[in-house]
Structure formats: structure tokens, C-alpha cells
Amino acid sequence: MIRPPIKGYIVDAVLDLIRIDREGYAINRSTLRNCTDVLTTLLYATEKGQVSVYRKDVEPVILSESTRFYQLEGERLLATCNASDYLRRVSYPFNFQSYS
């Protein structure tokens with residue numbers, strides 16, 4: 001089990017890299033990938049078997065932050081773009097953003 005405050009530092013570091021990337025700045029994606037790979041191999045024992053540290057501690061936060069980010073970004077783009085610009089901008093992250 002990862003204990004506070006280390007758990008918070010790890011989650012924050014992963015989220016910071018994702019945020020920096022979404023803002024258009026270059027990040028070392030292999031570093032992010034290596035970090036998530038390590039967290040995927042670390043396991044918690046549960047009643048139903050084992051679950052990775054990534055799945056239990058990191059993934060829910062990433063999904064929550066991603067939902068919030070894309071909701072706000074979608075609202076911003078709808079308010080400021082015409083239809084063709086909107087479609088071009090919303091498709092961009094799906095073409096270039098891959099952390100799996």
C-alpha cells in the first residue's frame with residue numbers, strides 16, 4: 001500500500017505531466033509511460049484477488065480530472081469556435097494523446 005504523502009506526490013506528478021501535455025507543452029512521454037508501468041505492476045491484495053496501484057489509486061483521479069478538463073474545454077470551444085474549428089480542435093487530442 002502506498003501511504004500518504006507519497007501517494008499524493010505520485011498522483012500529482014502523473015497529473016502534472018498530463019496537464020502540461022494538454023496545455024501544448026512537450027513532455028517526456030516515455031517517463032510518464034514508465035511511471036504508469038511501474039504503478040501497474042505494484043499490486044494490492046483484496047478480497048477478490050489483486051488490483052494494481054495504478055488501477056486503485058491513480059486511474060480514478062485521472063479519469064475524474066480528464067472528465068472535468070474535457071467538459072470545460074468542450075464548453076469553451078462551443079462558445080468560441082465555429083463548427084469546423086470545433087471539430088478540428090476536439091479531434092486533435094484523440095489523434096495525439098495516448099498514454100496506454
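1. Helix 1 and helix 3 pack at about 35 degrees with axes 10 Å apart. Axes here are lines fitted to C-alpha atoms over the stretch in contact, with angles from 0 to 180 degrees between N-to-C directions. Helices are DSSP runs (H or I, at least four residues), numbered from the N terminus. The crossing of helix 1 past helix 3 is right-handed, that is, the near helix is turned clockwise from the far one by less than a right angle.

2. A word on the basis: this is a predicted model, where local features need pLDDT of at least 70, side-chain atom pairs count only at pLDDT 80 or more, and totals for chains, interfaces and linings use all residues. Residues are numbered from 1 along each chain as its sequence is written, and side-chain values use heavy atoms, leaving out hydrogens and water.

3. Who touches whom (contact: heavy atoms within 4.5 Å)? Looking beyond neighbours within four places in sequence, Val-14 meets Leu-32, Cys-35, Val-58 and Ile-62.

4. Val-14 also turns up in the largest nonpolar core, which has 13 residues; Val-14, Leu-39, Val-58 and Ile-62 have the most contacts inside it. Helix 1 (6-22), helix 2 (29-41) and helix 3 (53-80) each give two or more residues to this core. Such a core is a set of buried Ala, Val, Leu, Ile, Met, Phe, Trp, Tyr and Cys residues joined through side-chain atoms within 4.5 Å.

5. Ala-13 sits in helix 1, but counts as partly exposed because its relative accessibility is 40% (buried is under 20%, exposed over 50%, partly exposed in between; 1.4 Å probe, protein chains only). Ala-13 and Glu-75 are 62 residues apart in sequence and 27 Å apart in space, C-alpha to C-alpha.

Definitions and conventions
Contact = heavy atoms within 4.5 Å.
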